[in-house]
Amino acid sequence: MDAPRFVCLDPDGTIGGGWLYVVVEAGTGVVYQQQYGGNVNRQGQVEGFLVPLASRDGLSALRTLFEKDFRGAGTWNHTWPDDARVRLEEIIGAVRYWACDGNTEQPHGLRLDESRMREVDEAWVPVITPDGPGVLVWPNSD
């Protein structure tokens, strides 16, 4: 097997703030790296394939939750109050993921992967897609 390939998502912050992706976990040999966690600046890695998402409202709501409500301080290993967790679930559920079987495309809402809540942080949210588990990522606010 060839050595894994690493792709840094926006390593110098010049892409701009309007992107939202999900990395669907799969044995592809491609590992995506992402800075996350607000001003804590954690580094995450996930192997899989990248799916761009178009959800301006979803991105705005995620930024408000993590940058305003949590003040960009990160939430890794955080105990989420029920109201904040429900809000996060609603935001994630409104983000559309277009699944394709090679012939037709169908939109599906993402689901928060509640079994991995301890990993949830700004710009790094474990989700369930129609293609399997993944991580929802966007520009970190640091």
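This is a predicted model: local features need pLDDT of at least 70, side-chain atom pairs count only at pLDDT 80 or more; totals for chains, interfaces and linings use all residues.
Asp121 is buried, with a relative accessible area of 0%. The side chain of Asp121 meets that of Arg42 in a salt bridge, 3.8 Å from N to O. Arg42 belongs to strand β4 (residues 42-52), while Asp121 sits in the loop between β7 (111-112) and β8 (125-129), so the pair ties together parts that are 79 residues apart in sequence. Arg42 is partly exposed, at a relative accessible area of 23%, whereas Asp121 is buried.

The next pair involves helices. Asp69 and Arg87 form a salt bridge through their side chains, with 2.3 Å from N to O. Asp69 lies in helix α1 (residues 56-69) and Arg87 in helix α2 (residues 82-94). The bridge links distant parts of the chain, 18 residues apart. Asp69 is partly exposed, with a relative accessible area of 38%. Arg87 also counts as partly exposed, at 32%.

Arg116 counts as buried because its relative accessibility is 16%, and buried means under 20%. Glu119, at 30% relative accessibility, counts as partly exposed.

How many salt bridges does the model hold under the 4 Å rule? The count comes to eight.

Conventions. Residues are numbered from 1 along each chain as its sequence is written. Side-chain values use heavy atoms; hydrogens and water are left out. Helices (H or I, at least four residues) and strands (E, at least two) are DSSP runs, numbered from the N terminus. Buried means under 20% relative accessible area, exposed over 50%, partly exposed in between (1.4 Å probe, protein chains only).
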